[in-house]
Amino acid sequence: MSEIKNGITMLGTGSPRPDLERSGPAQVLHINGMPILIDCGEGTTAQLLKANIPPENVNVLMFTHLHSDHFFGYGQFLLGGWGRGRRELTVVGPKGIKEFHETVINMFKDDIAYRVSLGRPENGVLDVNIIEFDEPGEVSVDIPAKVSIDEMVHNVPTFGFRFEMDNNVIVFSGDTAPTPNIVNLAQGADILVQDGCLAKTGIYRNTTDPELLKIWENLQKEHCTPGQAGDIAQEAGVKKLVMTHFLPNVIPEEVKEEAEEQFDGESIVGEDLMEISV
Ligand SMILES: [Zn+2]
Ligand SMILES: [Zn+2]
């Protein structure tokens with residue numbers, strides 16, 4: 001079991017671009033030892049195992065938005081966790097999450113029927129509790145925290161999450177361009193896990209290719225630079241900024257430096273399997 005009681009585990013700090021160093025976007029929030037999964041990118045189940053968080057012990061999964069890089073790992077998490085003995089699961093996410101879940105169940109219906117015929121109970125896979133939301137405010141989830149959400153700036157409905165526990169506050173931005181909503185949501189947080197995707201790196205560094213330049217320009221409307229992540233953390237007065245959602249070959253020192261120019265608190269460049277306690 002993971003040693004961490006209160007805090008986060010960064011499971012995947014990557015982006016839609018496949019990357020051996022960074023798994024697809026996913027993180028775990030630990031509340032008094034209870035793991036809450038936030039997003040479920042490619043490789044999430046393997047990352048849970050590496051982090052010593054048994055997937056069958058994760059009974060709540062919350063999606064920030066329905067982009068492929070944030071849900072590629074769902075089929076494996078759903079069926080693999082059930083296979084290991086999970087008998088209860090609640091999935092929370094923006095409107096559309098129910099249809100998404102039903103599509104996955106439908107895709108695997110013969111497979112599930114086969115495993116049920118072997119003698120496995122249906123609980124935990126055919127009775128998943130789905131909670132959809134489509135407006136900012138509070139979301140009622142059966143976990144020991146107050147959960148507030150607000151809309152981010154991205155090209156599909158995307159929500160940032162604020163978790164208020166007894167002794168600490170942890171906020172996840174999801175994917176977003178700079179917006180006052182994340183500054184408000186993150187006010188005074190102990191930890192802010194923030195999109196810092198737009199570190200000018202890899203294929204985008206020093207390019208003159210007009211196609212790449214066009215994509216880079218368009219990405220500015222969807223994500224934050226590390227400097228903008230630092231700005232948000234500074235304005236919100238958070239204690240620790242943990243940046244994530246990186247493209248391949250990002251240079252961590254540069255990301256940290258860029259954020260530190262804006263933010264007086266602790267700037268952390270997220271890495272897969274990094275654990276941060278509060
Ligand atoms: Zn996205
Ligand atoms: Zn993403």
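Let's begin with an open sheet of seven strands, in the order 6-5-4-3-2-1-14 and with mixed pairing. Strands here are DSSP E runs of at least two residues, helices are H or I runs of at least four, and both are numbered from the N terminus; two strands pair if DSSP finds at least two bridges between them. At the edges sit strand 6 (129–133) and strand 14 (274–277), each pairing on one side only. On average, neighbouring strands of this sheet are turned by 20° against each other, direction ignored.

A word on the model: it is predicted, with local features needing pLDDT of at least 70 and side-chain atom pairs counting only at pLDDT 80 or more, while totals for chains, interfaces and linings use all residues. Residues are numbered from 1 along each chain as its sequence is written, chains are lettered from A and ligands numbered from 1 in the order in which they are written, and side-chain values use heavy atoms, leaving out hydrogens and water.

Back in the sheet, strand 1 (residues 7–12) and strand 2 (residues 26–31) pair in the antiparallel sense over five bridges. Follow Thr 9 across to strand 2 and you meet its bridge partner, Val 28.

Now look at Leu 192, which is found in strand 11 (residues 191–195). Leu 192 counts as buried because its relative accessibility is 0%, where buried means under 20% relative accessible area, exposed over 50% and partly exposed in between (1.4 Å probe, protein chains only). Beyond residues up to four places away in sequence, Leu 192 touches several others, among them Val 171, Ile 182 and Leu 241; contact means heavy atoms within 4.5 Å.

Terms used
Axes are lines fitted to C-alpha atoms, for helices over the stretch in contact, and angles run from 0 to 180 degrees between N-to-C directions.
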